[in-house]
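This briefing covers domain layout, chain pairing and helix packing. Please look at the sequence and the structure before reading on.

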Protein chains: 2
Amino acid sequence: MNMETDVDILIRGGTLLTMSQAMEIVHDPVIGIRDGKILFIDRPGYSTAPIRARETLDASHSIIMPGLVNTHTHLPMAFFRGLADDLPLMDWLNNHIFPAEAKHVNREMVYAGSLLAIAEMILSGTTTFCDGYFYESSVAQAAIDAGVRAVTAQGFIDPPAGGSDTLSKNIQIAERFIDKWSGKSELLTPALFCHSPYTCSPDTLREIKKVSRAARVPYIIHLAETRDEVRIIRERYSVPPVTHLEKTGVLDDATIAVHCVWLEEKELELLAMRDVKVSHNPESNMKLASGVAPVPDMLKKGITVGLGTDGSASNNNLDLLTEMDTAAKIHKVFRMDPTVMHARTVLKMATIEGAKVLNLADRIGSVEAGKCADIILVDTRKPHLTPLYNCYSQLVYAANGADVSTVIINGKVILKERRFLGLDIEDILSRARKIAGEIEKTDR
Amino acid sequence: MNMETDVDILIRGGTLLTMSQAMEIVHDPVIGIRDGKILFIDRPGYSTAPIRARETLDASHSIIMPGLVNTHTHLPMAFFRGLADDLPLMDWLNNHIFPAEAKHVNREMVYAGSLLAIAEMILSGTTTFCDGYFYESSVAQAAIDAGVRAVTAQGFIDPPAGGSDTLSKNIQIAERFIDKWSGKSELLTPALFCHSPYTCSPDTLREIKKVSRAARVPYIIHLAETRDEVRIIRERYSVPPVTHLEKTGVLDDATIAVHCVWLEEKELELLAMRDVKVSHNPESNMKLASGVAPVPDMLKKGITVGLGTDGSASNNNLDLLTEMDTAAKIHKVFRMDPTVMHARTVLKMATIEGAKVLNLADRIGSVEAGKCADIILVDTRKPHLTPLYNCYSQLVYAANGADVSTVIINGKVILKERRFLGLDIEDILSRARKIAGEIEKTDR
């Protein structure tokens with residue numbers, strides 16, 4: 001395999017967490033990357049033939065691991081970070097977020113906000129995200145321009161909450177969005193996003209699902225996020241939210257249900273039976289006081305659960321390393337059991353399980369020969385990462401996004417020693433500040 | 001005030017969160033520091049006379065604020081970070097932490113671990129900590145050597161849990177410890193730490209309290225941390241833990257009660273009546289599945305509550321910025337109310353309220369003329385801190401320790417643009433790795 005091999009990138013040294021099925025850990029590996037793919041992973045002493053590499057990365061003080069997968073976010077909401085916090089949910093939405101969105105969301109804002117959020121994600125080790133918002137074509141374009149892997153989902157919501165007023169127009173928008181972005185870039189998967197069972201009619205849910213099934217793309221929906229939602233859906237349809245979606249016929253293995261905080265036992269079983277994927281967003285659920293999702297029960301039932309940050313307005317950052325910390329701890333205290341949600345389990349949710357949620361596990365989520373080279377390096381030469389007994393514990397309980405030093409996406413070095421090689425970060429920040437200035441003027 | 005003034009350090013620009021009683025925010029301030037103290041804070045345009053400064057810090061893209069106060073930690077436990085996580089509490093303690101402590105805790109280990117932890121704290125903006133452990137003189141020495149402000153508390157615990165076997169010897173140790181460290185450095189306050197009501201007899205609690213009262217130093221105790229503790233104390237003394245301490249006569253305004261997770265209404269009132277100070281350690285309480293302390297109720301009753309990280313074995317870092325995030329969010333979700341624990345409230349807990357807990361509020365906890373110059377700068381030129389609408393929100397919900405760029409303690413720049421000016425960080429890390437290697441060999 002590695003005799004007289006030419007590679008684009010060679011990574012040497014450090015500790016590799018493969019996140020493979022066997023959770024193999026390789027000390028002092030030699031990793032060859034060519035044409036965007038992981039060509040080989042050699043153990044020390046294994047390789048004797050010379051390898052010619054265009055670029056060699058010294059990882060001797062680093063943890064090497066798959067890039068993190070953020071299974072749910074709304075990138076342009078970076079512009080609403082800290083605009084209005086600690087408020088009752090309806091005050092926050094109706095008096096701040098919705099008015100700000102109505103006034104300021106446009107193509108330019110979505111593109112600028114997406115680049116800002118993508119820069120933040122790369123700086124904290126996320127190499128793949130799944131986004132849903134308005135003007136999603138601008139998010140897709142930003143992802144392609146930045147060289148990050150993405151599932152971008154065009155959002156649908158019924159009047160009066162927003163959106164188009166006829167179903168046929170929504171179907172057209174959905175089909176055009178998928179046509180436009182299918183096959184455009186190997187990094188990009190278009191998808192469709194129905195906002196929720198309480199803002200989308202059964203007809204909208206069903207028809208958009210038809211389009212996503214025909215195109216074989218993911219179908220995303222906020223589901224069972226709050227007790228209020230459960231009450232509303234019960235009032236309208238006489239059944240709880242998951243059951244409502246089952247009756248509507250939209251639950252299948254390409255459905256990504258986000259939040260899933262308030263589930264009855266029967267609904268957990270429905271999610272498992274239909275192989276629905278779940279995106280768990282603990283920090284957003286905590287900040288908005290939505291509740292604590294029954295993730296340990298989901299895992300017991302074999303449901304695939306990935307981790308997400310949600311948008312910056314309800315978090316307020318996109319750092320999956322600190323999100324992992326919260327994900328591990330909130331369930332321990334909520335269950336009064338320190339043994340639930342091991343660090344290892346949580347790190348899987350943020351990598352390989354997240355990849356499964358997005359139907360990308362054949363390409364990403366672990367560092368294995370043949371997969372795409374989405375790899376990050378975490379620099380461990382820091383007091384808060386010393387001593388280093390257990391890499392899983394260290395990443396989940398001690399590290400934060402700023403410990404990520406180098407980010408490779410699809411075989412290309414995007415961030416090196418925390419410097420962007422492609423993105424013009426100063427320009428991104430100054431454009432963002434300008435738009436934020438306008439938003440601030442009109443809030444309240 | 002500022003005519004022809006000579007100062008040691010001048011800080012210019014940025015946004016100053018004073019954390020004063022009025023929570024004043026000053027944009028573009030000019031802050032003069034001389035002889036360890038804050039000499040003046042000028043508004044822009046106010047000052048006309050020239051100021052000669054030995055060093056000028058440009059804070060134009062920074063949030064300027066008081067250094068953070070960590071009201072509870074066990075620094076040398078940095079050596080047990082990640083040694084054993086996700087285990088049942090008794091397995092963790094009896095099979096990992098206690099054996100490791102029995103084998104490895106000595107003066108050299110405590111000193112090396114303290115320097116490691118101090119380096120971590122400075123890098124994440126903590127300028128004052130309150131520590132309790134064995135060989136506490138080594139912690140005190142490390143604090144003085146590093147130039148950080150500290151309350152160092154000699155620990156007491158009855159046999160068979162450890163400690164000295166006679167009360168008179170404990171009293172002697174307590175008196176000697178206070179004698180040794182009183183007046184040694186303006187940065188250091190010696191104190192006494194009775195481990196808990198379940199590991200210290202009423203006699204030990206009472207006699208050590210007598211020594212601390214005579215010397216007017218803080219008296220620290222873990223209190224009502226777990227449901228098991230409440231059960232044990234009820235079995236032994238027929239009353240819950242706080243009531244037990246009240247009967248023992250050790251509750252007063254110099255008592256720092258750590259954790260206070262399981263409190264009855266009557267005990268909350270006791271804490272308020274005696275003006276007992278509380279150290280809230282949410283991440284440790286979550287990770288060990290101890291429970292969620294009723295902090296919103298404490299605040300309503302006027303109890304002074306500071307924030308703490310606890311030791312690195314149960315957190316696993318000493319980052320108060322991410323601890324603030326957790327402190328704000330855990331109470332929102334636990335109460336199902338997004339309006340409890342505002343960002344501002346939590347930031348007070350990590351600064352001025354923490355200073356009150358340690359009886360140091362006349363000197364630190366806010367940036368005001370006359371106070372000691374314990375000041376940190378947070379660099380906001382980052383994607384995850386952009387846009388910046390609200391500094392309190394940004395610090396609590398979006399920032400992490402790595403955003404701290406510059407740290408001043410007692411008028412001395414300790415960290416500048418994340419480089420240590422005094423500490424030899426490479427030496428600290430390599431010594432720590434050596435000791436950790438020995439610990440790892442003997443675990444299990």
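The model is predicted. Chain A is assigned two domains, domain 1 (5-66 + 373-418) and domain 2 (68-357). Chain B superposes on chain A by a rotation of 180 degrees, and 56 residues of chain B are in contact with 56 residues of chain A.

**Domains of chain A**

- Domain 1 of chain A is made of the segments 5-66 and 373-418, while domain 2 of chain A covers 68-357.
- Between the C-alpha centres of domain 1 and domain 2 of chain A there are 30 Å.
- The contact between them joins 21 residues of domain 1 of chain A to 23 residues of domain 2 of chain A.
- On the domain 1 side, two or more residues each come from helix 14 (391-398), strand 17 (404-409) and strand 18 (412-416) of chain A.
- Helix 14 of chain A has the largest share of that side, at five residues.
- By class, the domain 1 side of chain A holds 14 nonpolar, four polar and three charged residues.

**Relation of the two chains**

- Chain B is brought onto chain A by a rotation of 180 degrees with 0.0 Å of shift along the axis, at an RMSD of 0.0 Å.
- This is therefore the relation of a two-fold axis.
- Within chain B, B:A402 has the C-alpha nearest the axis, at 3.2 Å from it.
- Both copies use the same surface, since 100% of the contact residues of chain B recur in chain A.

**Interface between chain B and chain A**

- The interface brings 56 residues of chain B into contact with 56 residues of chain A.
- On the chain B side, helix 2, helix 9 (282-287), helix 11 (320-335), helix 14 (391-398) and helix 15 each supply at least two residues.
- Helix 11 of chain B gives the most to this side, with six residues.
- The chain B side divides into 27 nonpolar, 16 polar and 13 charged residues.

**Helix 2 and helix 15 of chain B**

- The axes of helix 2 (residues 107-123) and helix 15 (residues 425-442) of chain B come within 9 Å and cross at roughly 130 degrees.
- Helix 2 of chain B is therefore oblique to helix 15 of chain B.
- The crossing of helix 2 and helix 15 of chain B is left-handed.
- Helix 2 of chain B contributes B:M109, B:A112, B:L115, B:L116 and B:A119 to the contact, and helix 15 of chain B contributes B:I425, B:I428, B:R431, B:A432 and B:I435.
- Nine residues of the contact between helix 2 and helix 15 of chain B are nonpolar, none is polar and one is charged.

**Helix 7 and helix 8 of chain A**

- In chain A, the axes of helix 7 (residues 241-248) and helix 8 (residues 265-273) come within 9 Å and cross at roughly 40 degrees.
- Helix 7 of chain A is therefore oblique to helix 8 of chain A.
- Helix 7 and helix 8 of chain A meet in a left-handed crossing.
- The residues in contact are A:V242, A:T243 and A:E246 from helix 7 of chain A, with A:E267, A:L270 and A:L271 from helix 8 of chain A.
- The contact of helix 7 with helix 8 of chain A has three nonpolar, one polar and two charged residues.

Key
Residues are numbered from 1 along each chain as its sequence is written. Chains are lettered from A and ligands numbered from 1 in the order in which they are written. This is a predicted model: local features need pLDDT of at least 70, side-chain atom pairs count only at pLDDT 80 or more; totals for chains, interfaces and linings use all residues. Domain bounds come from an automatic or database domain assignment. Two residues are in contact if their C-beta atoms, placed from the backbone, lie within 7 Å. Helices (H or I, at least four residues) and strands (E, at least two) are DSSP runs, numbered from the N terminus. Ala, Val, Leu, Ile, Met, Phe, Trp, Tyr, Cys and Pro count as nonpolar, Asp, Glu, Lys and Arg as charged, and the others, Gly among them, as polar. Copies are superposed by least squares on the C-alpha atoms of residues with pLDDT of at least 70 in both. Axes are lines fitted to C-alpha atoms, for helices over the stretch in contact, and angles run from 0 to 180 degrees between N-to-C directions. Angles under 35 degrees count as roughly parallel, over 145 as roughly antiparallel, 65 to 115 as roughly perpendicular and the rest as oblique. A crossing is left-handed if the near helix is turned anticlockwise from the far one by less than a right angle, and right-handed if clockwise.
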